[in-house]
Amino acid sequence: MTKLNSTDTPKVKPLRIGVLSRGPKLYSTRRLVEAIRSRGHEATVIDALRCYMNIATDRPQIHYKGEVLDGFDAVIPRIGASITFYGTAVLRQFEMMGVFPVNESVAISRSRDKLRSLQLLSRKGIGMPVTGFAHAPDDVPDMISMVGGAPMVIKLLEGTQGIGVVLAETKKAAESVIEAFMGLNANILVQEFIHEAGGADIRCFVVGGRVIAAMKRQALDGEFRSNLHRGGSASLVKLTPIERETAVKAAKIMGLNVAGVDLLRAERGPMVIEVNSSPGLEGIESATGKDVASIIVRFIEKNAKPHNTRTKGKG
Ligand code: ADP
Ligand code: MG
C-alpha cells in the first residue's frame, strides 16, 4: 500500500479548473494557477477572446483554438473591463454547460455598471454617497444642487482604475466637465464628495460571504483617488463590525461570491462606492500577507457542483 503524505493535500477529488484570463503572466492569474495546482487540482488558463461557440444547439459547447473545451468543474472569471460583453457571453456558455462559475455572468455584468450597482445597493439600504444622474444638459444645474453642490465627484459609468473619476471643486467646473462628458455621449454619474475620507478608501476582499482580507488605500498627496494604479499605497486596516457587515451585504446583493467591495469612511458611516467582480490579488496579498488565491480555491472545492448557479446561464 502506498503511503499518503500528510501535508496540506486536500481531501477532495482533484478538480479541473479554468482561469478565464487574457494574461497568463498577470500576478492574479499566476497566483490562482499556483494555488489550484498546489491544492492538487488541474489549472488551465483560457483566453475568453479565443473561445467560440455554436449556441444553436441543445448541447452547449465551447471551442478553443480548434479543440472542444470539456470536462471543467469550475471557472474563475477574470474578465477585464474592456471585454465585459464577450467575456460574460463565454462565461454564460460555461454556465449553460453546468460548469461552476466563481462569479456568475449576470453578477459580473451588473457590477460593471456603477449606476446599476448603486441602484441595487440603495434598494437594500446600503450606505453610499449622495449620487445623481441626468441625461439632458438642461437638467444639470438642478441635479448639481440636488446632490449638494460643489465640490463634487463626476464619474464615467464604466471607468476603472480611477480613470474617468474627476473632482470638480466649483459648480462652474462641475458644469463644464459634465457638459464635456455629455458632448462625448459618455454616461456619467455625479456624487457628493466625501471629504473626510481624506483620499483613502477601504478595499474589503469578500469570498463566500466573509471578508477574508482588507486593506486601506491612501492616495498620493494632492490626489483624492486612492487607486493603486494611480499611485496609491496600501496598508493593513482593522475593519469595524459595521464595515465588515456592509461589505458582506454588498457582495451578496450583487450576487458575487468573490468581490472587492470599496468603502469610504464617512461621518455618516461606511459608504460603498464600488463592488469589483475581478478584484486584483497583488495589492491585497502583499498588504495583508494572506494567501487569498488559496482561499478562493478552497471556496471552489466546497461549492463546485454541476449547475450550482442562481441563473444557470439564463440571466
Ligand atoms: P474606479 O472604478 O475608477 O476605481 P471609483 O468610483 O472607485 O472608480 O473611484 C476611484 C477613487 O476615487 C476611489 O477609490 C476613492 O479613493 C475616490 N473617490 C471616488 N468617489 C469618491 C467620493 N464620492 N468621495 C471621495 N472620494 C471618492
Ligand atoms: Mg475603484
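This is a chat about the overall build of a predicted protein model and the residues packed inside it.

Visitor: Hi! What am I looking at, a predicted model or something else?
Guide: Hello! The structure is a predicted model.

Visitor: OK. How many helices and strands are in the protein?
Guide: The protein has nine helices and 16 strands.

Visitor: And what box do the C-alpha atoms fill?
Guide: Taken along the principal axes, the box is roughly 75 × 45 × 35 Å.

Visitor: What about the radius of gyration, and what would a compact globule have?
Guide: The protein has a radius of gyration of 21 Å. A compact globule with 315 residues would have one near 20 Å, so the two values agree.

Visitor: How much of the protein counts as buried?
Guide: Of its 315 residues, 50% count as buried. The accessible surface comes to about 15,900 Å², and carbon and sulfur atoms make up 52% of that area.

Visitor: Let's go inside. Which residues touch the most other members of the largest nonpolar core?
Guide: Those are Ile-76, Phe-205, Val-207, Val-292, Ile-296 and Ile-300, out of 29 residues in that core. Several elements give two or more residues to this core, among them strand 1 (16-20), helix 1 (27-38), strand 12 (200-207) and helix 9 (292-303).

Visitor: Which helix gives the most?
Guide: That's helix 9, with seven residues in this core.

Visitor: Pick one for me. What does Ile-300 touch?
Guide: If you skip residues up to four places away in sequence, Ile-300 touches Leu-15, Ile-17, Ala-74, Ile-76 and Val-102.

Visitor: What does the second core include?
Guide: The second core is separate and has 27 residues, including Leu-118, Val-206, Ile-253 and Val-261.

Visitor: Back to helix 9. Is Ile-295 buried or exposed?
Guide: Ile-295, which lies in helix 9, counts as buried because its relative accessibility is 18%, and the cut-off for buried is under 20%.

Visitor: Which residues is Ile-295 in contact with?
Guide: Leaving out neighbours within four places in sequence, Ile-295 is in contact with Val-207 and Ile-212.

Technical notes: Residues numbered from 1 in each chain as written. Chains lettered and ligands numbered in written order. Predicted model: local features only at pLDDT ≥ 70, side-chain atom pairs only at ≥ 80, totals over all residues. Heavy atoms only, no water. Helix = DSSP H or I, 4+ residues; strand = E, 2+ residues; numbered from the N terminus. Rg over C-alpha atoms; globule rule 2.2 N^0.38 Å. Buried < 20%, exposed > 50% of the residue type's maximum accessible area, 1.4 Å probe, protein only. Areas by Shrake-Rupley, 256 points an atom, 1.4 Å probe, with all protein chains shown as cover. Core = buried A, V, L, I, M, F, W, Y, C linked by side-chain atoms within 4.5 Å. Contact = heavy atoms within 4.5 Å.
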